[in-house]
Amino acid sequence: MSDFQLYLQLGFQHITDVNGYDHIMFVIALCAIYRPNDWKKLAVLVTAFTLGHSVTLALATLQVITYRTEVIEFLIPITIFLTCILNFFHKSSDNTRFQKEKSSSLRYPMAMAFGLIHGMGFSNYLRSLLGKEESLIKPLLAFNVGLELGQLLIVLLTLVVSFLILDIFKVKKHDWNLILSGMVAGVALTLITSADYFQELLGGK
């Protein structure tokens, strides 16, 4: 296996690893308001997220920017929670197979901005892998491609579940959005309150 393939695989495994489910939860939150036939809108949305995390992943890995890890670990679930809150105010269209969702244009810059935060989270893992690598460009590119492929897999699986819920079990789109976003928001809130930095803000340390 070449170095490129190795880091691509590591990037894919990192974002799809259920033990690091915060990034998975964010992608699911992005998908929650959409139907399977909205895949083009989702592709643009995920691309916006990718552009955001690509920037800070590169800058942090190359040590152009520095930050406190515990602050990023606190901010990531906040991005998930805020995305879910935005989902709650989304007005779903009729529950028909060929209807498409009209989403706020704010979702695209939001996804990109939140991607900047997630990119710093990704960089922690990548830097631990790089060790004494002389060239960082190829591993960085490969890892980022792996992340993108992993994101697309999460999107695909979420859309498949949405198809089953909406078209097979005939659940209303509005109800499914509230259920899915509510579950993700609950997980995010737990991550926020259990974060070391949150405890620090409360004076626990």
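Buried means under 20% relative accessible area, exposed means over 50%, and partly exposed lies in between, with a 1.4 Å probe and protein chains only. These legends describe a predicted model, in which local features need pLDDT of at least 70 and side-chain atom pairs count only at pLDDT 80 or more, while totals for chains, interfaces and linings use all residues. Residues are numbered from 1 along each chain as its sequence is written, and side-chain values use heavy atoms, with hydrogens and water left out.

**View 1. The aromatic pair of Phe74 and Tyr197.**
Phe74 is buried, as is Tyr197. Rings of Phe, Tyr and Trp (its six-membered ring) pair if their centres lie within 6.5 Å; planes under 30 degrees apart count as stacked, over 60 as edge-to-face and the rest as tilted. A search of the whole structure finds five aromatic pairs. One of them joins Phe74 and Tyr197, a tilted pair with 5.5 Å from centre to centre and 55° between the planes. Phe74 belongs to helix H4 (residues 69-88) and Tyr197 to helix H8 (residues 196-201), so the pair ties together parts that are 123 residues apart in sequence. Helices (H or I, at least four residues) and strands (E, at least two) are DSSP runs, numbered from the N terminus. Elsewhere, ring pairs link Phe26, Phe49 and Phe114 into a cluster.

**View 2. Helix H2 against helix H7.**
Two packed helices are described by the angle between their axes and the distance between the axes. For helix H2 (residues 21-31) and helix H7 (residues 173-194), the axes come within 10 Å and cross at roughly 150°. Axes are lines fitted to C-alpha atoms, for helices over the stretch in contact, and angles run from 0 to 180 degrees between N-to-C directions. The crossing of H2 and H7 is left-handed. A crossing has this hand if the near helix is turned anticlockwise from the far one by less than a right angle, and is right-handed if clockwise. From H2, Tyr21, Asp22, Met25, Ile28 and Ala29 meet Leu180, Val184, Val187 and Leu191 of H7. Contact means heavy atoms within 4.5 Å.

**View 3. Cys31 and Cys84.**
A disulfide is a pair of cysteine sulfur atoms within 2.5 Å. By this rule there are zero disulfides. The cysteine sulfur closest to that of Cys31 is in Cys84, 11 Å away and too far for a bond. For Cys84, the closest cysteine sulfur is in Cys31, again at 11 Å. Cys31 counts as buried because its relative accessibility is 1%, and Cys84 counts as buried at 0%.

**View 4. Helix H3 and the residue Gln63 after it.**
Helix H3 (residues 39-61) has 23 residues and spans 31 Å from its first C-alpha to its last, close to the expected 33 Å. The expected span of a helix is 1.5 Å times one less than its number of residues. Gln63 lies in the loop between H3 and H4. Most residues other than glycine have a negative phi. The phi of Gln63 is positive, near 60°. With a relative accessible area of 59%, Gln63 is exposed.

Lys170 counts as exposed at 57% relative accessibility.

**View 5. Ser123 and its contacts.**
Ser123 sits in helix H5 (residues 107-130). Its relative accessibility is 0%, so Ser123 counts as buried. Neighbours within four places in sequence left aside, Ser123 is in contact with Leu57, Ala60, Thr61 and Tyr67.

**View 6. Pro36 and Phe163.**
Pro36 is found in the loop between H2 and H3, and Phe163 lies in helix H6. Pro36 counts as partly exposed at 24% relative accessibility. Phe163 is partly exposed too, with a relative accessible area of 34%. Apart from neighbours within four places in sequence, Pro36 is in contact with Leu159 and Phe163. The C-alpha atoms of Phe163 and Asn37 are separated by 9.4 Å, although the two residues are 126 residues apart along the chain. Pro36 and Ala185 are 149 residues apart along the chain, and 22 Å separates their C-alpha atoms.
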